[in-house]
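The points run from the overall chain to individual residues.

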Amino acid sequence: GGGETSQPPPPRRYNEDTETAALLASTVKLDSCDFAAFDCLFFPGGHGPMWDLAEDPVCIKLVEAFWASGKLVGAVCHGPAALRHCKTAEGSYIVDNKRMTAFTNTEEAAVGLTSVVPFSLEDDLKSKGADFSTGPDWAPRVCVHGKLITGQNPSSSEQCATEVLRMLSGAPM
């Protein structure tokens, strides 16, 4: 992140919330974290990942390192945008031949942002070889493919998080 975007300005309540603004101003940068102590990398939704995480070289390297070490990688809604450029050690896309989901073209159209987002998340993941699975718009849908856990939309957040926690605990499917 840090570059200019076409995103709207933050809502007034954000500007008036000095406590939250102070916390965000002191957010730790990805490249300064010790991720060896983490067992899972999870990307929440919202449109931000489409601009910030999708093209961030630090984020890409982080995902690739987690994947190579066999750790869980999860994402919901627009969070899978962070996976779009990530590759395995062999050079294929991490999403290639993986059953997964993310915010769909029809959901993007329903919120009227198809012409605003920098790319179609569904089309991009499919172009990288993802076995993209869609459920009804706005209904919970979670896909698990090995160590990749994805949720389609905001309604999928709880189920996706539950699946991540189940896998982290080592519980059987």
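1. Aromatic pairs. The model is a predicted one, and a search of the whole structure returns three aromatic pairs. One of these is formed by Phe35 and Phe38, whose rings are tilted, with 5.2 Å from centre to centre and 45° between the planes. A second contact involves Phe35 and Phe66: the ring centres are 6.0 Å apart and the planes stand at 70°, so this pair is edge-to-face. Phe35 belongs to the loop between α2 (18–25) and β1, whereas Phe66 belongs to helix α4, so the pair ties together parts that are 31 residues apart in sequence.

2. Through ring pairs, Phe35, Phe38 and Phe66 are linked into a cluster. How accessible is Phe66, buried or exposed? Phe66 is buried, at 3% relative accessibility. Phe35 is likewise classed as buried, because its relative accessible area of 16% falls under the 20% limit. Phe38 is partly exposed, because its relative accessibility of 41% lies between the 20% and 50% limits.

3. Overall chain. The secondary structure of the protein chain consists of seven helices and six strands. In sequence order, these elements follow the pattern α-α-β-α-α-β-β-α-α-β-β-β-α. The radius of gyration is 16 Å, close to the 16 Å that the globule rule gives for 173 residues, so the chain is as compact as a globular protein of that length. Along the principal axes, the C-alpha atoms occupy a box of roughly 45 × 40 × 30 Å.

4. Burial and contacts across the chain. Of the 173 residues in the protein chain, 38% are buried. When contacts between residues at least 6 apart in sequence are considered, 65% of them join residues at least 24 apart.

5. The sheet. Four strands form an open sheet in the order β1-β2-β6-β5, with mixed pairing. Its edge strands are β1 (40–43) and β5 (142–145), each of which pairs on one side only. On average, neighbouring strands of this sheet are turned by 10° against each other, direction ignored. Helix α4 (residues 57–68) packs on the sheet and touches β1, β2 and β6. The direction of helix α4 makes about 140° with that of β1.

6. Pairing around β2. In general, the strands of a sheet pair through backbone hydrogen bonds, in either a parallel or an antiparallel sense. Here, β1 and β2 pair in the parallel sense over four bridges, and within this pairing Cys40 has Leu72 of β2 as its bridge partner. Strand β2 (residues 72–76) also runs parallel to strand β6 (residues 148–151), to which four bridges join it. Across that pairing, Gly74 stands opposite Ile149 in β6, and Val76 stands opposite Gly151 in β6.

7. Burial of β2. How many of the five residues of β2 are buried? Five of the five are buried, and the strand is described as mostly covered. Leu72, Gly74 and Val76 point one way from the strand, while Val73 and Ala75 point the other way; all are buried. Residues directed to either side of β2 are therefore buried, as each has under 20% relative accessible area.

8. Most residues other than glycine have a negative phi. Which phi does Cys77 have? Cys77 is not a glycine, yet its phi is positive, at about 65°. Cys77 is placed in the loop between β2 and β3 (99–100), and at 5% relative accessibility it counts as buried. Asn97 also has a positive phi, of about 60°, although it is not a glycine. Asn97 is placed in the loop between β2 and β3.

9. Charges over a ring. The ring of Tyr93 has the charged end of Lys87 over it, 5.0 Å from the ring centre. The charged end of Lys128 also sits over the ring of Tyr93, in this case 5.3 Å from the centre.

Note on methods:
Residues numbered from 1 in each chain as written. Predicted model: local features only at pLDDT ≥ 70, side-chain atom pairs only at ≥ 80, totals over all residues. Heavy atoms only, no water. Pairing = 2+ DSSP bridges. Helix = DSSP H or I, 4+ residues; strand = E, 2+ residues; numbered from the N terminus. Axes fitted to C-alpha atoms, helices over the stretch in contact; angles between N-to-C directions. Contact = heavy atoms within 4.5 Å. Phe/Tyr/Trp six-rings, centres within 6.5 Å; stacked < 30°, edge-to-face > 60°. Buried < 20%, exposed > 50% of the residue type's maximum accessible area, 1.4 Å probe, protein only. Lys NZ or Arg CZ within 6 Å of the ring centre and 35° of its normal. Rg over C-alpha atoms; globule rule 2.2 N^0.38 Å.
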